[in-house]
Amino acid sequence: MFASLLNVYSLMRAGRTLATYDALLTPEQRKQLPWSARAALAIAKIGASKPARDDNNSLAAALSALGPSYIKLGQFLATRPDLVGPERAFELKALQDRLPPFPTEIAKSIIQENLRVGVDAIFQEFGPPVAAASIAQVHKARTSDGREVAVKVLRPGVAKRFAADLSSFYFAARLMERFSLEGRRLRPVAAVRMLESSMKQELDLRMEAAAISEMAGNIRNDPGFRVPQVDWTRTSREVLTTEWIEGTPISDLSGLKAQGFDLVTLGDTVIQSFLRHAIRDGFFHADMHQGNLFIDRQGQLVAVDFGIVGRLGRKESMFLAEILYGFITRNYLRVSEVHFEAGYVPAEHDPAVFAQAIRAIGEPIMDLPASQISMAKLLTQLFEVTAQFDMKTQPQLLLLQKTMVVVEGVARTLNPNLNMWLSAEPVVREWIERKLGPAGKLEYATENLGQFLAGLPGVLEDVKRSAALFAGTAGSRGLRLDPESIRYMVELQGEPKRWMVFWLAVGAISLALIATRQLL
């Protein structure tokens with residue numbers, strides 16, 4: 001009860017701030033409110049100082065004023081137009097994750113507390129912050145052995161603040177699902193859970209270091225893309241030290257041209273690298289905006305800031321590859337079938353009708369000029385149509401779609417005439433051929449055979465124990481299935497994965513016993 005009251009108070013405080021910034025509703029929406037609602041909004045502003053804000057985006061300004069948790073919530077909701085509406089989602093895309101830096105001395109004390117050694121002992125130089133965001137800030141430093149590094153330090157108190165705000169987010173999401181049928185379809189609780197998972201990783205900088213290390217392993221043979229090296233000896237929960245990247249920001253087009261880099265090739269590298277990571281590896285950088293991308297002296301694309309990463313399982317990776325390839329080849333029935341095979345669209349719907357709806361999305365854009373074809377927009381429209389066929393929201397795919405919007409924007413900055421289909425086709429086709437061709441099927445069969453053989457000893461043990469059970473329960477009148485025997489057989493099931501094999505064994509033994517009695 002007390003926790004609920006705290007959540008209500010927290011949400012009311014946030015609502016008051018939003019009302020103060022006139023961010024709850026658009027001017028047109030406010031005019032349509034009844035007088036009582038307009039009066040409530042006016043009362044909410046009483047005693048609040050008039051904020052200094054950008055009137056063109058009051059929502060982003062209000063969320064920035066509410067602090068780190070709400071900035072992250074706003075960035076997350078920018079990927080969920082199904083929850084907040086297309087207009088609000090568009091506003092939230094402009095939300096900048098920037099806050100004033102905290103003092104360098106506090107950063108040094110956090111480093112000393114985490115690494116158990118003074119800053120002067122491990123760094124020759126330690127400069128002021130060069131960037132500050134809601135979660136952490138970055139300092140340029142030089143190690144005791146002379147290497148230039150970037151030192152990321154977690155903002156003090158941010159974990160405690162986020163934990164408190166997260167409770168109110170869950171409270172609001174559960175209310176939506178409890179009292180709204182549409183809320184249950186949109187699954188806001190799952191969305192908050194995904195936000196929580198993402199934030200937990202951001203709040204432990206060792207997780208970011210591990211993400212960089214994992215990506216480095218995945219891309220070691222990839223052309224044109226790399227990530228910074230991690231300095232594990234100077235990394236902990238609240239401190240991350242990586243190689244300092246000397247490169248040209250990808251937004252500096254004149255600088256890139258002056259160095260002789262081919263912007264068209266770089267645009268293809270951005271798109272193909274992202275798709276390769278998402279489809280092949282099932283692991284991608286989920287914050288690939290221009291501020292996190294550089295071109296080094298060798299012309300390689302370097303990504304930094306792995307605080308937000310996305311993962312796709314085998315099913316999701318195959319789903320993404322097949323729907324993209326289906327659109328590329330205009331095989332709309334296959335795109336439809338993939339949705340049903342993945343279990344995303346309920347079986348009571350007609351795949352042919354769904355394919356018809358998909359065709360209505362794909363055909364209008366296929367013959368457009370290259371500069372007007374947007375893969376991200378295509379996926380956005382696809383997810384909107386799937387809602388009409390009762391497809392539940394898939395948060396992991398929404399993060400992918402949000403990242404694709406950003407990646408596509410970066411690539412088009414480099415090459416305004418970028419043809420998304422031509423750029424994506426080699427990566428998608430290679431994956432489809434590898435996974436659905438003979439080699440892929442052999443790989444899949446080998447994986448499943450390995451799982452079967454690994455579980456075989458347990459299955460055989462179950463069969464042995466089952467035989468002993470039946471020998472003990474079969475009397476002169478045949479098989480006895482009293483409650484105690486049934487409970488024992490249930491215990492024998494073991495791991496859920498062996499359930500079906502166990503009962504097949506039971507059936508086989510039963511048939512053998514029946515056959516034996518007939519012979520006798």
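## The nonpolar cores

The largest nonpolar core holds 109 residues, and Leu 275 and Phe 327 have the most contacts inside it. A nonpolar core here is a set of buried Ala, Val, Leu, Ile, Met, Phe, Trp, Tyr and Cys residues joined through side-chain atoms within 4.5 Å. Buried means under 20% relative accessible area, exposed means over 50%, and partly exposed lies in between (1.4 Å probe, protein chains only). Helix α20 (residues 395–414) gives the most to this core, with 9 residues. In soluble globular proteins, nonpolar side chains tend to be buried together.

What does Phe 327 touch, apart from residues up to four places away in sequence? Its contacts are Tyr 332, Val 335, Ile 358, Gly 362, Met 366, Leu 378, Leu 382 and Trp 421. Contact means heavy atoms within 4.5 Å. There is also a second, separate core of 14 residues. Ala 107, Phe 123, Ala 141 and Val 153 are among them.

## About the model

This is a predicted model, in which local features need pLDDT of at least 70 and side-chain atom pairs count only at pLDDT 80 or more, while totals for chains, interfaces and linings use all residues. Residues are numbered from 1 along each chain as its sequence is written, and side-chain values use heavy atoms, with hydrogens and water left out.

## Helix α8

Helices (H or I, at least four residues) and strands (E, at least two) are DSSP runs, numbered from the N terminus. Helix α8 covers residues 104–115. Its 12 residues should span 16 Å at 1.5 Å a residue, and its end C-alpha atoms are 16 Å apart, which agrees. The expected span is 1.5 Å times one less than the number of residues.

Which residues of α8 are buried? They are Ala 107, Ile 110, Ile 111, Asn 114 and Leu 115. These residues cover an arc of only 110° around the axis, so they sit on the same side of α8. The arc is that of the directions from the helix axis to the C-beta atoms. They pack against α9 (119–122), β1 (123–132), β2 (136–143), β3 (148–154) and β5. The face turned away from this buried side carries the exposed residues Glu 105 and Glu 113. Arg 116 follows α8 and has a positive phi, near 60°.

β2 and β3 pair in the antiparallel sense over 7 bridges. Two strands pair if DSSP finds at least two bridges between them. Ala 136 stands opposite Leu 154 in β3. The two strands form a hairpin with 4 residues between them, and Gly 146 in the turn has a positive phi of about 95°. In β3, 6 of the 7 residues are buried, so this strand is largely enclosed by the rest of the structure.

β3 is also joined to β5 by 5 bridges, and these two strands run antiparallel. Val 153 stands opposite Val 239 in β5. Thr 242 lies in β5 (residues 239–243). Is Thr 242 buried or exposed? At 10% relative accessibility, Thr 242 counts as buried. Leaving aside neighbours within four places in sequence, its contacts include Val 149, Ala 150 and Ile 212.

## A four-strand sheet

Another group of 4 strands forms an open sheet in the order β4-β9-β8-β6, with mixed pairing. β4 (225–226) and β6 (248–249) stand at the edges, each with a single partner strand, so one side of each is left without a neighbour in the sheet. β6 pairs with β8 (residues 293–295) in the antiparallel sense over 2 bridges. Pro 249 has Phe 294 in β8 as its bridge partner.

## Salt bridges

How many salt bridges does a search of the whole structure find? The search finds 25. A salt bridge is a side-chain nitrogen of Lys or Arg within 4 Å of a carboxyl oxygen of Asp or Glu. Glu 125, Lys 140, Arg 142, Glu 148 and Glu 246 are linked in a network of them.

Lys 200 bridges to Glu 196, with the closest N and O atoms 3.4 Å apart. Both lie in helix α12 (residues 188–202), 4 residues apart, about one turn of the helix. Lys 200 is exposed, at 54% relative accessible area, whereas Glu 196 is buried, at 16%. Arg 237 forms a salt bridge with Asp 204, the closest N and O atoms being 3.8 Å apart. Arg 237 lies in the loop between β4 and β5 and Asp 204 in the loop between α12 and α13 (205–218), so the pair ties together parts that are 33 residues apart in sequence.
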